[in-house]
Amino acid sequence: MRELRGVWGGFTRREFLLGAGGLLLVGAAGCGGESGGSTEGTTAGRRVIEHKYGGTEISGAPERVVTVGYTDHDPALALGVVPVAVRAWIGERAVWPWAEGELGGAEPEILPSGELNFEQIAGLEPDLILGAYSGLTREEYETLSEIAPTVAQSGEHPDYGAPWQDQTRTVGRALGREGRAKRLIEDVEARLEQARESHPEFRGATGVVAYSFAPGEYGAYGPKDARGRFLASLGLEMPERVRELAGEEFFTTISRERLDLLDADVLVWIISVEGRREAVEEDPLYRRLRVVSEGRDIFLEPDGPLAAALSFSTVLSLPYLIENLVPMLVAAVDGDPQTEVTKPQREER
């Protein structure tokens with residue numbers, strides 16, 4: 001779908017829908033895995049990271065890391081590695097509140113969110129390029145590989161579709177910090193479990209994350225997408241028809257006449273400025289939905305921290321979501337009307 005570039009400021013349609021994960025499960029133990037009780041066993045060892053376009057061999061501890069994947073800098077920062085360059089994404093921003101404290105005062109160069117600038121990347125003299133959360137083409141991967149060892153997205157998941165755990169493991173292995181990655185994953189999984197157990201009202205309830213980037217155009221994120229997975233991790237179930245429509249893709253379009261497919265117990269909207277919240281709320285077909293009449297819909301501020309945190313759904317942004325979005329989900333499941341921006345979002349500005 002490369003011919004669609006330019007319609008959304010340099011994005012393909014798939015990339016645009018992402019903004020509004022591509023990772024791998026690492027290779028076999030024979031490729032440099034940890035041994036015994038070591039927590040950082042691969043730091044100086046050779047390892048091969050398998051991905052969509054083959055395998056990438058890495059040795060030692062990379063020091064000049066460039067992340068071309070839209071969210072790859074989050075797990076890198078969580079693992080204590082500050083990239084020399086990160087890629088802009090939502091709102092042309094790269095580092096968000098949940099990750100700013102990990103920079104330690106550093107100011108990575110910001111790569112554009114659209115087409116990759118290979119000369120710019122080469123000029124940074126990286127010793128590792130991470131493109132795990134990306135839709136790299138083979139041509140882009142091969143060009144980047146001429147600059148430095150490059151880890152592309154997974155071949156076992158849709159582009160941008162690997163679970164955050166896989167992303168964290170992969171980045172951890174690439175950086176030689178597998179033990180630390182394992183501990184980070186366990187910590188966040190424990191927080192998600194606690195949130196799930198603290199809110200039994202989520203169990204058996206249905207939830208959908210929907211999008212609108214132009215008036216009258218609608219869609220939903222599927223079970224292969226990080227946004228849908230976040231609701232599932234809390235115990236909310238995706239309506240079966242939405243699951244079927246999405247299939248192996250991370251999203252599905254919803255015709256205006258079938259807005260009833262979004263009529264879940266809680267509906268979270270990610271809407272661009274161009275999509276306009278007012279256009280959705282004033283749509284007479286939307287106003288008919290039970291989720292609307294019962295006040296169970298949530299509108300996240302366009303290009304705001306909560307919308308970004310949900311789209312990122314990384315090892316760093318998930319705790320932020322648990323703290324700020326879960327209370328909103330609880331209120332929605334209880335049927336409390338959401339007539340204004342809620343307190344958590346107001347405090348983030």
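**Salt bridges and nonpolar cores**

Arg290 is partly exposed in the predicted model, with a relative accessible area of 31%. A salt bridge joins Arg290 to Asp265, with 3.6 Å between the closest N and O atoms. This pair links distant parts of the chain, 25 residues apart: Arg290 belongs to helix α12 (residues 290–293), and Asp265 to the loop between β10 (251–254) and β11 (266–271). Both residues take part in a network of salt bridges that also includes Glu294 and Arg296.

In total, the structure holds 16 salt bridges. One of them connects Glu244 with Arg241, with the closest N and O atoms 3.4 Å apart. These two residues lie in helix α9 (residues 240–246), three residues apart, or about one turn of the helix. Glu244 is partly exposed at 47% relative accessibility, and Arg241 is partly exposed at 42%. A further salt bridge is formed by the side chains of Glu178 and Arg173, at 3.3 Å from N to O. Here Glu178 is buried, with a relative accessible area of 16%, and Arg173 is buried at 1%.

The largest nonpolar core comprises 55 residues. Trp98, Phe230, Leu300, Leu310, Leu325 and Leu329 have the most contacts inside this core. Beyond its neighbours within four places in sequence, Leu329 contacts Phe202, Phe230, Leu231, Leu234, Val266, Val268 and Ile298. Another core, of 19 residues, lies apart from the largest one and includes Val208, Leu259, Ala264 and Phe299. In soluble globular proteins, nonpolar side chains tend to be buried together.

How values were computed:
Residues are numbered from 1 along each chain as its sequence is written. This is a predicted model: local features need pLDDT of at least 70, side-chain atom pairs count only at pLDDT 80 or more; totals for chains, interfaces and linings use all residues. Side-chain values use heavy atoms; hydrogens and water are left out. A nonpolar core is a set of buried Ala, Val, Leu, Ile, Met, Phe, Trp, Tyr and Cys residues joined through side-chain atoms within 4.5 Å. Buried means under 20% relative accessible area, exposed over 50%, partly exposed in between (1.4 Å probe, protein chains only). Contact means heavy atoms within 4.5 Å. A salt bridge is a side-chain nitrogen of Lys or Arg within 4 Å of a carboxyl oxygen of Asp or Glu. Helices (H or I, at least four residues) and strands (E, at least two) are DSSP runs, numbered from the N terminus.
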